[in-house]
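Dear colleague,

I am passing on a structure to you here, with some notes below on what was found in it. Please read the notes with the structure open beside them.

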Amino acid sequence: MNAPPDESLALYVHWPFCVSKCPYCDFNSHVRAHIDEPAWRDALLADLAAEHQVTGPRRVHSIFFGGGTPSLMAPATVGAILSAAARLWSVDEGCEITLEANPSSVEAARFAGFAAAGVNRVSLGLQALDDAALKVLGRPHDVATGLAALDVAQAHFPRVSFDLIYDRPGHTVAAWEAELTRALAFGTEHLSLYQLTIEAGTRFAVEHAAGRLRTPDAETSADLFDLTQAMTEAAGLPAYETSNHGLPSRHNLSYWTYADYVGVGPGAHGRRGGVATVRHRKPENWLAAMAAGDGIVETQALPPATRATEALLMGLRLTEGIDRAVFAQRTGVALADAVDGAAVARLADLGLIEDDAAGLRLTRAGRPLVNAVLREIA
Amino acid sequence: MTAPLDKIRNFSIIAHIDHGKSTLADRLIQHTGGLTAREMSEQVLDNMEIERERGITIKAQTVRLDYKGHVLNLMDTPGHVDFAYEVSRSLAACEGALLVVDAAQGVEAQTLANVYQSIEHDHEIIPVINKVDLPAAEPERVKQQIEDIIGISTEHAVLASAKSGLGIEAVLDAIVALIPPPKGDATAPLKAMLVDSWYDPYLGVVILVRVIDGSLRKGQEITFMAQGTKHLVDRVGCFRPKIEQLDALGPGEIGFITAQIKEVAQTNVGDTITDTKKPTTTALPGFKTVQPVVFCGLFPTDAADFEKLRDSLGKLRLNDASFSFETESSAALGFGFRCGFLGLLHLEIIQERLTREYDLDLITTAPSVVYKLLLRDGTSKELHNPADMPDPSTIELIEEPWIEATIFVPDEYLGSLLKLCQDRRGIQKNLTYVGGRAQIVYELPLNEVVFDFYDRLKSISRGYASFDYHQIGHREGDLVKMTIMVNSEVVDALSMIVHRDAAEARGRHMCERMKDLIPRHLFKIPVQAAIGGKVIARETIAAMRKDVTAKCYGGDISRKKKLLDKQKEGKKRMRQYGNVDIPQEAFIAALRMGDAN
């Protein structure tokens, strides 16, 4: 059973280029000396058109420019993509249009242009409010530059969010408390607060394996997580997802509620009509494939059981949990059939999960344990 | 045509591991022309991969050498105490022995045990001081040691270097001159000893024999007197070391026969072989069936390998009737086998062969010894598995096997070694000094030795201590069954029988180990050691606090799903007890007591 065609779509556009590669990042990002922007723009437009061929006429409720660093795009490129999307699909009035941005002065200078092109939400990669930490994270900006960019963003966009990475090497509860207190005072509607994860294939993974990079121990890490929950709740920006706080991003909610999304650009993933799509990861390969007619490297019809597991592992990250009716509609599997009932009952007894007529959700105690819970019930 | 008695010399070689026994044997073979240099591979006699690696002989081997008109039969005996009975039969087939001692290392405990056995058989013993060309060689000191410790004359000792070929001729001459020829009566009814046997994929079971009286020939119908079975001899021969078929073996000769026998279990070492039609009236003395003394459970890591394990054990038993196995089931480990062994080395060898030759992943439970229980109802029973321990209220008394251990240790490690023996409930019987080394004799309960005594001994002495033991019977002991409970459920594979005084320390150690080995769960887990219903040690594994992927967007959900699938697969490979997943490494590591006590 596929999602009904009258449900609206989320649209993801991947811009794979960065000025430099951060040592913790395992996203599909690449550093290139020269970028022929018109060629990439045309390819992205062609990719959108190709997706439209598959989805047909649908409403679009959110558009997200991710990367890489999409704030390195010319505002005109962003504008061209948004115009194309509006021509191809029926873009909702008030559609959430987010662009990820680096907080450098060069990029801040383009914010007015992005706003004029139609971007109404920006997600700023501040990452830390500590110069030494920014250095460790390999970020090219310092705190002062980052906060200046935040000012510019708040002046131009109605909705602003920023990212911080915590649980960093040497991070203490006291330092994070001070840093988060400061972050909450900027008055943004949304915050993404990620614990540092050592991802395979990154420079951090190498340093970590060699013992040169030491992350806080499990107890400190848990303390930091708990502190984050308490402080954001007190500030009126409680977690609605594992690492996301405040007024939810409509776009990201699409992922977590397993709604249909279209992904274009190098390495972008999509889920639409029960089909998973993967595009060529290396930018040049994707570009060449687009020239030959199609950037897709893999298309796979997902069986209901796979869709159910995916929906489960995304949905339990949300504070509100999984809605029984939406789950069944989007996966073709009843929620009760997608989980090990005995395990759910056992975890409910431990106070980690709630299972009722509305759906399934983790408790405050269960949320930091979502992976372990999934191992038990999925 | 058989060799005349006065031209035969039967001898064995006694040596500690690494003192050069196999190299010497190889040189003797080479010198007498048994193999060309091209055919010589290092250590011809140790056939099995494990034998070569460990430098020990598991099965007796024999080789016939021709030297200056004489027939010399070299018997290579199993070099380890676990195979003491096989050693004694091999020695019984000879009239003399070469005592090989490393000119730098001197006499070791294991050498001592075998040389005493050889003396008991009234053997002529020729000392061979080997490796005399090493810079550290002290042949005169070693000679003195042999006279002092062993008490045999070194007047005819030969100085040799098997590696360089030095003194080989002198060794051969000494064998002819000093070792007495065998006695026997060619006209008497056949009487031969079954020295050893092994399974050969082409020949079936090959039986190594020493003829005492009469002769063994092809086509003869023979009887195994103890076993009471009859067989038709279809091959007679000897090893040079290549097989050479003969018409017959006469008195005093050592060789082999085959008789279409399928399993070595049908051939008991020490049995008397006679002619069915014209049998001897008196069997050879000293026959006994060997009993396993150390038991443990072997379980396949992958439950699907159970049948493969059964087949593999069956195949190994074709060649080694001295270990036993029967099916066992454990809630933790599933289906496996309770296996009995002659000793710890024997256990390790079988376990290693299963892993290596049969490609099996195994979990080995704690080794246990055989306890004798006297029950209140007057009956008695033998206990091979702690899991089978009856209700303590029905037990009148428990007896455990004891050993007498002889240990050689350099002076500087003596103190730590005495402490180890005391900690293991040892009773000191003797303490003497020879040169810079102490020889200590202790009586020890075998169950204290099967754990990790040997590893501890080696680590305390930096590898310099040597150790040998023999069993001295059962004695009453204050023994209790200790169980380990995880989340209030007994983990059967971790049950053990311990002395009451040691129970608390060992229980605490086991709980600490399990606490480190069991990953945190979503709930806190008590780990307890108990005797009967009484908890004697306890640790708690705290509940997991955080296990979360920070960043998870639409991007690549399939990658997250693969990760989850992989983790669930890993979870399946763990054993569940009271909702607690115990990784298999935990069982293995917990039972390897390491630095316990």
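How many bridges join S11(A) to strand S12 of chain A, and in which sense do the two run? Five bridges join S11(A) to S12(A), residues 296-301, and the two strands run antiparallel.

Before going further, please keep in mind that this is a predicted model, in which local features need pLDDT of at least 70 and side-chain atom pairs count only at pLDDT 80 or more, while totals for chains, interfaces and linings use all residues. Residues are numbered from 1 along each chain as its sequence is written, chains are lettered from A and ligands numbered from 1 in the order in which they are written, and side-chain values use heavy atoms, with hydrogens and water left out.

Chain A has 16 helices and 15 strands (DSSP runs numbered from the N terminus, helices being H or I of at least four residues and strands E of at least two). Of its 378 residues, 57% are buried, where buried means under 20% relative accessible area, exposed over 50% and partly exposed in between, with a 1.4 Å probe and protein chains only.

To return to S11(A), residues 275-279: five of its five residues are buried, so the strand is largely enclosed by the rest of the structure. In a regular strand the side chains alternate between the two faces of the sheet. Here Val275(A), Thr277(A) and Arg279(A) lie on one side and Ala276(A) and Val278(A) on the other, and all are buried. Towards S12(A), Thr277(A) stands opposite Thr299(A). S11(A) also pairs with strand S10 of chain A, residues 269-272, in the antiparallel sense over four bridges (two strands pair if DSSP finds at least two bridges between them), and Val278(A) is the bridge partner of His269(A). S10(A) and S11(A) form a hairpin with two residues between them, and Gly273(A) in the turn has a positive phi of about 60°.

In chain B, eight strands form an open sheet with antiparallel pairing, in the order S11-S10-S16-S7-S8-S15-S12-S13. Its edge strands, S11 (229-232) and S13 (243-245) of chain B, each pair on one side only. Within this chain, S10(B), residues 221-224, and S16(B), residues 272-275, pair antiparallel over three bridges, with Thr223(B) opposite Thr274(B).

Turning to the interface, 26 residues of chain B are in contact (heavy atoms within 4.5 Å) with 46 residues of chain A. The two chains bury about 3300 Å² between them, 57% of it on carbon and sulfur atoms; buried area is the accessible area (1.4 Å probe) that two parts lose on being put together, summed over both. Leu522(B), Arg545(B) and Tyr553(B) supply 22% of the area that chain B buries against chain A, more than any other three residues.

Seven salt bridges are found across this interface, taking a salt bridge as a side-chain nitrogen of Lys or Arg within 4 Å of a carboxyl oxygen of Asp or Glu. One of them joins Glu219(A) to Arg545(B), with the closest N and O atoms 3.0 Å apart.

Lastly, Thr549(B) is found in the loop between strand S32 (534-541) and helix H12 (557-572) of chain B, and is buried, with a relative accessible area of 18%. Leaving aside its neighbours within four places in sequence, Thr549(B) is in contact with Thr242(A), Arg317(A), Asn371(A) and Lys560(B).

With kind regards
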